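Subject: Structure for your review

Dear colleague,

Please find below the structure that I am handing over to you, followed by an account of what was found in it.

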Amino acid sequence: MTLRNLLVLAIALTAFTGCKRDTPPSKPANAGYSVQTWVLPAEAGSMAPDLQTASGGRVLLSWINRTQGRRNALQFASYTEATGWQSQPRTVAVGNALLANAGDTPHLLATPDGALWMQWLQTQPDSPSGYDTVLARSKDGGMNWDQITRVNSDGKPAEHGFAALWPNGSNSAGIAWLDGRDQAAMGAGTAAQHTMGAMQLRSNLFTLDLQRGTDAVVDARTCDCCQTAVAMTRKGPLLAWRDRSADEVRDIALARFENNAWTAPKPVHADGWKVESCPVAGPALAASGDSAVVLWYSEAGGTPHLQLARSHDAGDSFLAPVTVEAGAHVLGRSAVGIDAKQVWVAWLHEDAHGQTLQLARYPRDLSKRLQTFAVAKLGARGMASGYPKLAVDAGGVWLAWTDVVDGVAHLKGARVAH
């Protein structure tokens with residue numbers, strides 16, 4: 001399934017979704033954390049959120065504004081609990097070539113020097129299906145985004161997306177992405193001859209002035225359209241993605257960047273899920289020091305389920321996973337975070353009554369579930385709700401997701417805290 005097909009599917013599902021509005025967020029019966037509504041500044045028609053925390057207690061939210069009759073606009077805003085939204089939404093990029101997709105969303109990053117980095121997708125004007133991963137950087141808090149560069153330098157009419165960003169030192173950034181340059185069609189004469197290679201996972205480093213390093217091929221054969229994820233451990237960036245073996249087993253793999261090179265990819269857990277097409281369900285990943293947690297979807301054994309596994313050695317090894325939820329209602333769209341005390345897991349499930357955004361917290365050893373929340377009942381169905389996003393701070397978690405109200409996409413948010 002290509003990104004363009006995903007976009008068509010998401011738009012169609014949005015158009016035919018009922019007009020059910022949000023019910024008030026539920027609160028747990030015990031005296032633990034509770035859910036409060038977090039009002040977001042995005043206009044109606046917005047989708048594809050991303051959340052990041054930054055210095056000074058800031059929460060950064062980005063999204064794509066697809067208001068009817070306008071060109072797509074990539075926007076962001078900054079929030080603190082003390083002052084609320086610190087400014088009106090700012091626009092990073094705008095244009096019909098800016099690709100809006102429910103499955104492959106833009107990503108925002110703040111580096112320790114105060115710079116902001118943004119990644120998104122840009123369609124290729126001469127290719128019906130090609131698009132590039134684009135990177136921009138702002139040195140002034142997001143007022144100006146002027147040195148825009150394409151991350152993939154091959155120039156081929158192919159898909160380049162599903163990226164992940166991380167800070168590289170204090171003032172530069174790393175990025176990994178799925179690269180389809182070896183899948184580009186080759187023609188001979190009047191009859192098209194298609195030579196399909198494998199989707200690759202590539203990475204590179206960019207300086208503050210967007211000078212690029214040398215591409216590294218992390219994995220030469222990956223699933224075509226599953227999200228990648230990255231988290232910073234004490235030993236360096238840890239990268240997770242859905243691998244693809246020669247016999248179509250598509251389990252989750254990891255590698256860590258250390259000593260200026262990637263370690264050899266290895267599986268988180270040998271699920272043995274064999275599937276002929278991409279499930280569009282990549283892993284979620286979070287880390288703190290030597291602790292790392294991976295959350296992923298699988299249908300190994302014939303039952304859809306979400307699995308959560310932890311590492312105590314920065315990703316060198318993982319313990320046996322625990323099952324977060326299993327059953328036909330489980331969707332492969334989830335997020336994970338970790339703080340000093342616990343692990344947070346957010347996911348969507350859908351039954352005959354509609355979709356629900358669920359949240360749970362576990363101790364860092366994953367020994368038991370501490371609390372479960374039904375954060376919100378959604379009016380969206382299928383891919384119209386996209387992928388929920390989660391950011392952790394000392395007080396709890398922030399959540400953002402896409403819903404549908406009266407047939408129009410809307411961004412929704414929640415704060416979960418004491």
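Buried residues make up 57% of the 418 residues in the chain. Please note that the model is predicted. The chain has 32 strands and one helix. Among its contacts with a separation of 6 or more, 51% are between residues 24 or more positions apart.

Nonpolar cores

The largest nonpolar core holds 41 residues, of which Met 118, Trp 120, Trp 145 and Leu 239 touch the most other members. Setting aside residues up to four places away in sequence, Leu 239 touches a list of residues that includes Ala 164, Leu 201, Val 218, Trp 262 and Leu 285. There is also a second, separate core of 21 residues, with Trp 273, Val 293, Val 324 and Val 345 among them.

Salt bridges

The count of salt bridges comes to 21. In one of them, Glu 81 pairs with Arg 415, and the closest N and O atoms are 3.0 Å apart. Glu 81 lies in the loop between β4 and β5 while Arg 415 belongs to strand β32, so this pair ties together parts that are 334 residues apart in sequence. Glu 81 is exposed, with a relative accessible area of 53%, whereas Arg 415 is buried, at 5%.

Asp 132 and Arg 150 form another salt bridge, with 2.9 Å between the closest N and O atoms. This pair links strand β9, which holds Asp 132, to strand β10, which holds Arg 150; the two residues are 18 residues apart. Asp 132 is buried, with a relative accessible area of 7%, and Arg 150 is partly exposed, with 42%.

A further salt bridge joins the side chains of Glu 248 and Arg 221 at 4.0 Å, N to O. Here Glu 248 sits in the loop between β18 and β19, and Arg 221 in strand β16, 27 residues apart. The relative accessible area of Glu 248 is 12%, so Glu 248 counts as buried; Arg 221, at 28%, counts as partly exposed.

Asp 403 is located in strand β31, which covers residues 396–405. Asp 403 is buried yet has no salt bridge: Lys 412, the nearest side chain of opposite charge, is 5.7 Å away, and a salt bridge requires a side-chain nitrogen within 4 Å of a carboxyl oxygen. The side chain of Asp 403 does reach the backbone nitrogen of Ala 380, at 2.9 Å.

A hairpin and a strand end

Strands β7 (residues 107–110) and β8 (residues 116–123) pair in the antiparallel sense over four bridges. In this pairing, His 107 stands opposite Gln 119 of β8. Five residues lie between the strands of the hairpin, where Gly 114 takes a positive phi near 95 degrees.

Asn 168 is found in strand β11, which spans residues 160–168. With 25% relative accessibility, Asn 168 counts as partly exposed. Apart from neighbours within four places in sequence, Asn 168 is in contact with Ala 173, Gly 174 and Leu 205. Asn 168 and Pro 237 are 69 residues apart in sequence, and their C-alpha atoms are 8.7 Å apart in space.

Yours sincerely

Note on methods:
Residues numbered from 1 in each chain as written. Predicted model: local features only at pLDDT ≥ 70, side-chain atom pairs only at ≥ 80, totals over all residues. Heavy atoms only, no water. Pairing = 2+ DSSP bridges. Buried < 20%, exposed > 50% of the residue type's maximum accessible area, 1.4 Å probe, protein only. Contact = heavy atoms within 4.5 Å. Core = buried A, V, L, I, M, F, W, Y, C linked by side-chain atoms within 4.5 Å. Lys, Arg positive; Asp, Glu negative; His and termini not counted. Polar contact = N/O pair within 3.5 Å; in protein donor to acceptor, adjacent residues only side chain to side chain.
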